[in-house]
Amino acid sequence: YAFGGNNSAVVIADRDRVVAPRATERDTVVITGLGAVTAAGLGVPRLVETMRRNEVPFTPVSRFPLLACKSKLGGFVPHFTAAEVDRRIDFAALNEISRFAVAAGRLALDHAGLKVGRANGEQVGIAMGVCNGPCEMGHMDRVFGTAKYEADLNSFSNITANSTAGWVSTSLCLKGENISLGTGPHAGLQAMAWAFDALGEKRSQAILAMAADEVYAQTFYNYDGIGFLYAGEDEQCYRLHRDEAKRKVLGEGAAGLLMESATAAAARGATVYGEMLGYGLSMDAGQFDQQNLDAEGLTRAVELALKRSCLDAQDIGLIVWAPQGNRQDLKMLEVAGKLFPNVPLATTTFHTGYIESASILVTLAAALSALHDGPTLWPERTGLSELDARGLTERPRHVLALGSTDIGYNFAVAVRLPGKA
């Protein structure tokens, strides 16, 4: 057992013990709820409206002092109150990243029309993607601010990697499957993959696939100091620069996709925004301190996702991605150009800032929401004319979500939209 109500158990048997095989029948997995907290405010519809107006809600750093930083802006979440989300939740007890995550989870559940309580709480779980995780500054100040380097238990419990998922599960009464996945950028896609398997194997009826990030002082200082942030005109007009190694404009927030077994969703008459068909994951081999710019690993992840989904490359009508705005994005463009020529690419990054673990889920949620009513998305702002001019002409049938990171993780998730193209 551990902080936030997390519990686990392991069964070990003799190596020659005969164990009955698991049932092989799988359930279909659907997406029934969409929630997001971004610099545009609360909710996916508000984000989509903001992007369709081509607004970029970047604001100057105000939560902490700028100590000789070159960068000044970020995609910071505006203040919100419990009354705007759920008066029953004590947001004052939460740290910032958990406030974002709990709000996004509540919005996703409300959007899905799923009420969670004692009767069904054990059948609803959470999978949380983690990059930097919660701010550690308060805990470290406590340790190094005392003569005997005394840790504070309450502070420590809030900086563990799984604490954000713990706060979400506690606040929203989610007593089912619970896991935190610390794969860094785009970890939200791995959360979807894990939820897909858990639901398909009927270990749960519904799971919130989530990711959350907070821009706190030490992260901003560190990224600025080592040259990972754009400054001046480049941060005011955030675009993709092929010649930049690692610069970006940071954003913060959270996203939650409520994923359900098709059986459970049908039983309560839920609206389906997409059906997850399959996924592919891969890991690049290479030096840990160098960017992974070879496209081979990402290509493998894409091919695996398509194979598991029983799709061909030409079935994909839209790619959602979360570019950083630098050289790391080139292998994404290489794979898209080779396997999916002329297919539109959609992202929210250049409107919200790069939300490290969550931007890809934010973009997928925004796309599923926008496409539920028609083929119109929002203006793209990559700065690459060949991409920005490549809009949708009709509502796609299949969407592929792609992510690839500096440290070598590659993700691909295939989703089928309901209805006819």
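Guide: Val 320 stands opposite Ala 346 in strand β11. Strand β10 (residues 316-320) and β11 (residues 345-346) run parallel and are joined by 2 bridges; two strands pair if DSSP finds at least two bridges between them. Helices (H or I, at least four residues) and strands (E, at least two) are DSSP runs, numbered from the N terminus. This is a predicted model, in which local features need pLDDT of at least 70 and side-chain atom pairs count only at pLDDT 80 or more, while totals for chains, interfaces and linings use all residues. Residues are numbered from 1 along each chain as its sequence is written, and side-chain values use heavy atoms, with hydrogens and water left out.

β10 also pairs with strand β12 (residues 398-404), through 4 bridges and again in parallel. In β12, His 398 is the bridge partner of Ile 316. Because 4 of its 5 residues are buried, β10 is largely enclosed by the rest of the structure; buried means under 20% relative accessible area, exposed over 50%, and partly exposed in between (1.4 Å probe, protein chains only). Together with helix α11 (residues 330-339), β10 and β11 make a right-handed β-α-β unit. Right-handed means that, with the strands pointing away from the viewer, the path from the first strand over the helix to the second runs clockwise.

Ala 245 lies in the loop between α8 (233-236) and β8 (253-261). Leaving aside residues up to four places away in sequence, Ala 245 touches Gln 291, Asn 326, Arg 327 and Gln 328, contact being heavy atoms within 4.5 Å. Ala 245 is partly exposed, at 29% relative accessibility.

As for salt bridges, a search of the whole structure finds 16, each a side-chain nitrogen of Lys or Arg within 4 Å of a carboxyl oxygen of Asp or Glu. One of them joins the side chains of Glu 252 and Arg 63, at 2.5 Å from N to O. This pair links distant parts of the chain, 189 residues apart: Glu 252 is in the loop between α8 and β8, and Arg 63 in the loop between β3 (59-60) and β4 (73-74). Glu 252 is buried, with a relative accessible area of 0%, whereas Arg 63 is partly exposed at 36%.

Glu 260 forms a salt bridge with Arg 268, the closest N and O atoms being 2.5 Å apart. Glu 260 counts as buried at 2% relative accessibility, and Arg 268 as partly exposed at 30%.
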